Amino acid sequence: QESRGLGDVYKRQGVFNMSELIELEHDTIDDGKLNRQVLINHSRAQGKLIVSLAQDERLEVMPELSIDLKGLDISQFGFKSTIELKPDISVYWQTPVPEAEPLDDIIRSPSPPDLAIEIISTSQTLTEMTNKVKAYFALNVKSCWLVLPSLSTIYVFYPPHRYRVFPPDTELVDETMDIHLPIQKVFKSCS
């Protein structure tokens, strides 16, 4: 029988099925919640990701941008009825960035980002976040990252249900977005 421990996943680099990640949930979280420190880790990871990604001139990086669901019923993914999703970070590359007049800003982006990044916080379960990834893919988002600050790890998801794990001291490679990012740039605190 194959071990499902997180350490074994790190040793087994490659592409995984989403069901394997959901099975890992029992080994990596307690009582349905991730073991995580205070929200400062979430904020630090978000800030470092924004700064790192914004250095790539091909990318438009936008934090906390609401995305219009265009009638998609997200209750199929276990969410209450709503008209928007809001990734922690939206990244536009090939999809045109929504334009708005300075005095007439838009409430929700009519076009989904190419990349949606979610940083897991204490109030979110891994199952909830993988369901959110499924919802993003239903909106034609090309790539999704789940960032786990407590484990200094990033999961990169590709449609329909495949992902790769990037643990500490590795380089994240998102082939869909053509992004290469050393993991320590995201999680290393300033000294």
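**Salt bridges and their surroundings**

A: Let's start with Arg-58, which is partly exposed at a relative accessible area of 34%. On this scale, buried is under 20% relative accessible area, exposed is over 50%, and partly exposed lies in between (1.4 Å probe, protein chains only). Keep in mind that this is a predicted model, where local features need pLDDT of at least 70 and side-chain atom pairs count only at pLDDT 80 or more, while totals for chains, interfaces and linings use all residues. Residues are numbered from 1 along each chain as its sequence is written, and side-chain values use heavy atoms, with hydrogens and water left out.

The partner of Arg-58 is Asp-178, and their side chains form a salt bridge at 3.2 Å, N to O. This pair links distant parts of the chain, 120 residues apart: Arg-58 sits in the loop between H3 and S4, and Asp-178 in the loop between strand S12 (171-174) and S13. Helices (H or I, at least four residues) and strands (E, at least two) are DSSP runs, numbered from the N terminus. Asp-178 is also partly exposed, with a relative accessible area of 40%.

A salt bridge here is a side-chain nitrogen of Lys or Arg within 4 Å of a carboxyl oxygen of Asp or Glu, and the whole structure holds five of them.

A second one pairs Glu-118 with Lys-132, whose closest N and O atoms are 3.1 Å apart. Glu-118 belongs to strand S8 and Lys-132 to helix H4 (residues 126-138), so this bridge ties together parts 14 residues apart in sequence. Both ends are hidden from the surface by these cut-offs: Glu-118 is buried at 3% relative accessibility, and Lys-132 is buried at 12%.

Next comes Glu-175 with Arg-164, where the closest N and O atoms are 3.8 Å apart. Glu-175 is in the loop between S12 and S13 and Arg-164 in strand S11 (residues 162-166), so the parts they tie together are eleven residues apart in sequence. Glu-175 counts as exposed, at 59% relative accessibility. Elsewhere, shared partners join Asp-56, Arg-58 and Asp-178 into one salt-bridge network.

Finally, a word on helix H3, since the loop holding Arg-58 runs between H3 and S4. The buried residues of H3 include Asn-41, His-42, Leu-49 and Leu-53.
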